[in-house]
Amino acid sequence: MGRFHRDRTLPQAEHRINGRIRIPEIRVIAADGEPLGIMHPDEARELARAQGLDLVEVAPNVRPPVCRLMDYGKFKYDKKKQRAASKSASTSLKIVQMRPKTDDHDLHTKLARARGFLERGDKVKLVMRLRGRENAYPERWTAMMQEYFEESLASIARVASRPSLQGRAIAMVVEPS
């Protein structure tokens, strides 16, 4: 192996289909879920072709491997939709950062951004970073966060954790109500 040699294996497809199934015996399941028994892959491919379906290996690690007659394009489409649905269903934590001296207009922009996240169903962590002399008055910034964000987001969100000092920042978490 040379110094710059890479393992050039291509990513394997999720399932082997039709002509890629090269094993002497497979267990075949019909499209409706009924077991058809153990047969040679050529026989199973002929059955699939006669029904206008594909032969798909669904359990490659058992002996003999289990293959199913199905429409592989539809199967992949359904899997992709399931992955997208599970991804969008999960809520995530979005972070909106600011400083005590952030201008009012900028605060309104950050508020609008937090509102958008909340309407989408995400939790929002509001973080106010403190520097220098700002660290001497954390209660002032805590009160400011509490009054500004809690009151303006009260209609669509509830406070999950009150503003608290966390190192050199004050953080609070709001979640959709």
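**Reading side-chain features in a predicted model**

Me: Tyr-148 has a relative accessibility of 22%; does that count as buried, partly exposed or exposed?

Reply: Keep in mind that this is a predicted model. Buried means under 20% and exposed means over 50%, so at 22% Tyr-148 counts as partly exposed. Phe-149, with a relative accessible area of 2%, is buried.

Me: How many aromatic pairs are there, and how do I read one?

Reply: A pair of aromatic rings is described by the distance of the centres and the angle of the planes. In this structure the count comes to two such pairs. One of them joins Tyr-148 and Phe-149, with 5.1 Å between the centres and 85° between the planes. Planes over 60 degrees apart count as edge-to-face, so the Tyr-148 and Phe-149 pair is edge-to-face.

Me: Which rings does Arg-140 lie over?

Reply: Take the two rings in turn. The charged end of Arg-140 sits over the ring of Tyr-137, 4.7 Å from the centre of that ring. Arg-140 also lies over the face of Trp-141, and here the distance to the ring centre is 5.5 Å.

Me: How many salt bridges does a search of the whole structure find?

Reply: Side chains of opposite charge can pair when their charged atoms come close. The search finds seven salt bridges. One of them is between Glu-46 and Arg-49, where the closest N and O atoms are 2.7 Å apart. Both residues belong to helix 1, residues 41-51, and stand three residues apart, about one turn of the helix. Glu-46 is partly exposed at 47%, and Arg-49 is exposed at 54% relative accessibility.

Me: Where in the chain do Glu-134 and Arg-99 lie?

Reply: Glu-134 and Arg-99 form a salt bridge, with the closest N and O atoms 2.8 Å apart. This pair links distant parts of the chain, the two residues being 35 residues apart. Glu-134 is in the loop between strand 6 (123-129) and helix 4 (138-153), while Arg-99 is in the loop between strand 5 (93-98) and helix 3 (104-120). Glu-134 is buried at 7% relative accessibility, whereas Arg-99 is partly exposed at 27%.

Me: Which residues touch the most other members of the largest nonpolar core, and which elements supply it?

Reply: The residues in question are Val-124, Leu-126, Leu-153 and Val-174, in a core of 19 residues. At least two residues of this core come from each of strand 5, helix 3, strand 6, helix 4 and strand 8. Helix 3 gives the largest share, five residues. Apart from this core lies another, of nine residues, including Ile-21, Ile-26, Val-28 and Leu-69.

Me: What does Val-124 touch, not counting residues up to four places away in sequence?

Reply: Its contacts include Leu-93, Lys-94 and Val-96, then Ala-114, Phe-117 and Leu-118. Val-124 also touches Met-172, Val-173 and Val-174.

Notes:
Residues numbered from 1 in each chain as written. Predicted model: local features only at pLDDT ≥ 70, side-chain atom pairs only at ≥ 80, totals over all residues. Heavy atoms only, no water. Phe/Tyr/Trp six-rings, centres within 6.5 Å; stacked < 30°, edge-to-face > 60°. Buried < 20%, exposed > 50% of the residue type's maximum accessible area, 1.4 Å probe, protein only. Lys NZ or Arg CZ within 6 Å of the ring centre and 35° of its normal. Salt bridge = Lys/Arg side-chain N within 4 Å of Asp/Glu carboxyl O. Helix = DSSP H or I, 4+ residues; strand = E, 2+ residues; numbered from the N terminus. Core = buried A, V, L, I, M, F, W, Y, C linked by side-chain atoms within 4.5 Å. Contact = heavy atoms within 4.5 Å.
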